[in-house]
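Colleague: I'm new to reading models like this one, and I keep wondering where the labels come from. Can we go through them together?

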Amino acid sequence: MYFPDVEVSFIRENIAQSYDGWRMFFDGAANFKGVGVGAILVSETGQHYPVSSKLRFSCTNNIAEYEACILGLKMALDMNIQELLVIGDSNLLIHQVREEWLTKKSKILPYLHNVQELRKRFTKTEFQHVPRVQNEFTDALATLSSMIQHPDNNFIDLIPVKIHDQLAFCAHVDEEADGKPWFHDIKEYFAKEEYPELANPTQKCTPRRFSNNFFQSRGILYRRTPDLGLLRCVDAKETSKLLEEIHAGTYGPHMNGFVLAKTILRVGYFWMTMETDCIQYVRKCHRC
């Protein structure tokens, strides 16, 4: 029977969470950019020790998996670890190391012998297979190292990985210094055809140019879009409320995630363009 979703078809317990000793996750990645391997050692207390490496020789995915496993085993030996649970998503490597499958390819045999020799230096080792969804961290390390292109004399610093439980700045909105919304000068131009004070001739062209894409109805300013849609211009207070509702998913999007992300990016670019062109008297815009 064919199961299109590997997460649904996997019903065994998560061995990575139930084991109390040292664990090692490994993974290899081979793509058109290159080949990278990654491994992570996890202590009894949950401390993570990641390591990754880029291979400067062409090889198959199976060889990359063995390179990643050997990299993690050598790191564990350097840290004087005696008992280790080795976890990977390579079904071939796990069964071959367990001697459950035969190894016929001549290129794989030296790697298998190397892994077996390294296993003898431990007091106890156990190999377990997990689906790729439970091996995402090492998969990300291997993919990242495979795509990095750097010369021989270049040194790459360690990459810190942190977990944030709260939003950093995406829900932050700058308040208007003068208490007026960013579109105040545009509305004044519509009503009185007056320019902001101290505006030079170049800056005076901006509200005239924007007037072709904006219109006012019942005191509310709207911007026309190329697809005949309307973007309502809001002030900082209303923008903060809208951002909270968007990130909380209060009403849910009326479009799929891909279209929503493109729309947010497009509006974000529109903000930056307006802030650059209008300089002092255009500050912030948000899509309703």
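**Strands that pair**

Modeller: Let's start with β2 and β3, which pair in the antiparallel sense over eight bridges. This is a predicted model, where local features need pLDDT of at least 70 and side-chain atom pairs count only at pLDDT 80 or more, while totals for chains, interfaces and linings use all residues. Residues are numbered from 1 along each chain as its sequence is written, and side-chain values use heavy atoms, with hydrogens and water left out.

Colleague: What makes β2 and β3 a pair?

Modeller: Two strands pair if DSSP finds at least two bridges between them. β2 and β3 have eight bridges, so they pass the test.

Colleague: How do you know which strands sit at the edges of the five-stranded sheet?

Modeller: This open sheet has the order β3-β2-β1-β4-β5, with mixed pairing. β3 (48-55) and β5 (124-129) each pair on one side only, which puts them at the edges. On average, neighbouring strands here are turned by 20 degrees against each other, direction ignored. Helix α6 (residues 136-147) packs on this sheet, touching β1, β2 and β3, and its direction makes about 145 degrees with that of β2. Such angles run from 0 to 180 degrees between N-to-C directions, with axes as lines fitted to C-alpha atoms, for helices over the stretch in contact.

Colleague: In which sense do β4 and β5 pair?

Modeller: They are parallel, over six bridges, and E83 stands opposite K124 in β5.

Colleague: What is the strand order in the three-stranded sheet?

Modeller: It goes β6-β7-β8, open, with antiparallel pairing. The edges are β6 (214-217) and β8 (230-232). β6 and β7 (residues 220-224) share four bridges, and S217 has I220 as its bridge partner in β7. Helix α7 (residues 184-192) packs on this sheet and touches β6 and β7.

Colleague: Is A236 buried or exposed, and how do you know?

Modeller: Buried means under 20% relative accessible area, exposed over 50%, and partly exposed in between, using a 1.4 Å probe and protein chains only. A236 comes out at 3%, so it counts as buried. A236 lies in helix α9 (residues 236-248). Over the protein's 288 residues, 36% count as buried.

**Salt bridges**

Colleague: Why is the contact between R98 and E100 called a salt bridge?

Modeller: The label asks for a side-chain nitrogen of Lys or Arg within 4 Å of a carboxyl oxygen of Asp or Glu. For R98 and E100 the N to O distance is 3.8 Å, so the pair qualifies. The structure holds two salt bridges. In the other, the closest N and O atoms of E117 and K120 are 3.4 Å apart.

Colleague: What makes a group of residues a nonpolar core?

Modeller: The members are buried Ala, Val, Leu, Ile, Met, Phe, Trp, Tyr and Cys residues, joined through side-chain atoms within 4.5 Å. The largest core here has 32 residues, and F26, L73 and L84 touch the most other members. Among the elements giving two or more residues are β1 (22-31), α3 (61-78) and β4 (83-88). The largest share, 10 residues, comes from α3. Apart from this core lies another, of seven residues, including F25 and I87.

Colleague: Which residues away from its sequence neighbours does L84 contact?

Modeller: Contact means heavy atoms within 4.5 Å. Leaving aside neighbours within four places in sequence, the partners of L84 include W22, L41, L73 and F122.
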